Amino acid sequence: MGGPWTRRQWLHESAVALGARFLAGAAPLAAPASPVAIAKCPSYDADLVAVLNRMLDQIGGISALVKNKTVTIKLNLTGGARARYEDRPPGVTHWVHPNLVGACVRVLGRNGARCVRLVESKGAEPLDEALADSGWDVKALLSAAPRVEFENTNLLGTGKRYARLKVPYGGYVYPAFELHPVFEDTDVFVSMSKLKNHEEAGITLSLKNCFGNTPCTVYGDNVPEDEASRLPRGGRVRILHFGARQPPKSAPQEVDFTSDRSEGYRLPRIIVDLVAARPIDLNIIDGIESAAGGEGPWVKGSKYCKPEVLVVGRNPVCTDTVATAVMGYNPRAKRGELPFRRTTPAQQPGAPDWADNPMLLAEAKGLGSADLERIDVRGVSIRDALYDFESRFQRTS
């Protein structure tokens, strides 16, 4: 299937025809499948605690998962707070919304979580200060559970050493990563992402959110050759996006220095390697309001949109598979098929416009199933939650 999956097609296809259309190729039997819940939600002013409670119950509940545990939530706060679609706050469009974050912290606290940590790689300032500067009510977040902490994982900060987390299968690109120690010193890891497109990778969901786990003190463009820097040194373009240089010698080097250097090859594989190294225990995708065409307002042609949907699941591959279908795309699309193409022309002359499907790459390593026929979708159906992202913007690639 090369284009978006329309509501009319959903309504006129039988379950058998739907499976045949969406599911070209069989999923490896070793890839686990688990339930995914979908909810329609009209605004961030809704009772999000009640909505999350219902969705979590639909996938089997989380009390056993989080009781007396430290829970770390990786937020999606890509880009600066000043980058906006018109006058809308970033939490409405390309960041996860503070109301949803607060509701999640409350739910975790009420289910017995000992500590809830909110983490993200944001410049070099403390995360709570960065959120406060962006208009978030940090005091409300601190009071949402018995113990709430904030950590900027872009640098080591007060940590004594980076955690070296190994990729169990040896890695598509990297055999291990040097990450902030909170990713190792936690019992439960949550990916809270946004339902949106991505300029290079096609989509930004639970898996892609973990690209931001990497600290720019280790994977920044201008870090020293021998060891990590004290402060972030640029973005992740030269090392991770293009492989133009290796990480510092103190960090694990690439598996194969001669592999494809294009973003469409590297990004999906690095994402899968990161998720394999630090598995995700719970996935919450914020699609109440969002952006189509890119991960933020800096992407030419991207636009604000309002899908009015939340997606929740335990397995990140299954969760992203369902979310991709909700966006109107084929979750088993191959390299270069929608949505796995650039939404804008590549900056490098002659660079390919395709990207590989990270869900299929993850499925091949047994991380989860990207087969809709094996995933039990609960709550609202994909058909009733469908929001055609591709029609909301104009591709320029």
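Let us begin with Cys-305, which is buried, with a relative accessible area of 1%. Please keep in mind that we are looking at a predicted model. As a reminder, a disulfide is a covalent bond between the sulfur atoms of two cysteines.

Cys-318 takes part in no disulfide either, since the nearest cysteine sulfur, in Cys-210, is 15 Å away. Cys-318 is also buried, at a relative accessible area of 0%. With a cut-off of 2.5 Å between sulfur atoms, the count for this model comes to zero disulfides.

I turn now to the nonpolar cores. The largest has 65 residues, and those touching the most other members are Phe-177, Leu-195, Ile-270, Val-322 and Phe-389. Helix H12, residues 263–277, supplies the largest share of this core, namely eight residues. Apart from this core lies another, of 47 residues, including Val-101 and Leu-141.

Setting aside neighbours within four places in sequence, its contacts include Thr-204, Ile-285, Pro-307, Met-327 and Phe-389.

Finally, consider Asn-209, in helix H9, which spans residues 206–209. Is Asn-209 buried or exposed? Asn-209 is buried, with a relative accessible area of 3%. Which side chain does its own side chain meet in a polar contact? The partner is the side chain of Ser-191, at 3.1 Å. Not counting residues up to four places away in sequence, Asn-209 also touches Lys-74, Leu-75 and Asn-76, among others.

Notes: Residues numbered from 1 in each chain as written. Predicted model: local features only at pLDDT ≥ 70, side-chain atom pairs only at ≥ 80, totals over all residues. Heavy atoms only, no water. Helix = DSSP H or I, 4+ residues; strand = E, 2+ residues; numbered from the N terminus. Buried < 20%, exposed > 50% of the residue type's maximum accessible area, 1.4 Å probe, protein only. Polar contact = N/O pair within 3.5 Å; in protein donor to acceptor, adjacent residues only side chain to side chain. Contact = heavy atoms within 4.5 Å. Core = buried A, V, L, I, M, F, W, Y, C linked by side-chain atoms within 4.5 Å.
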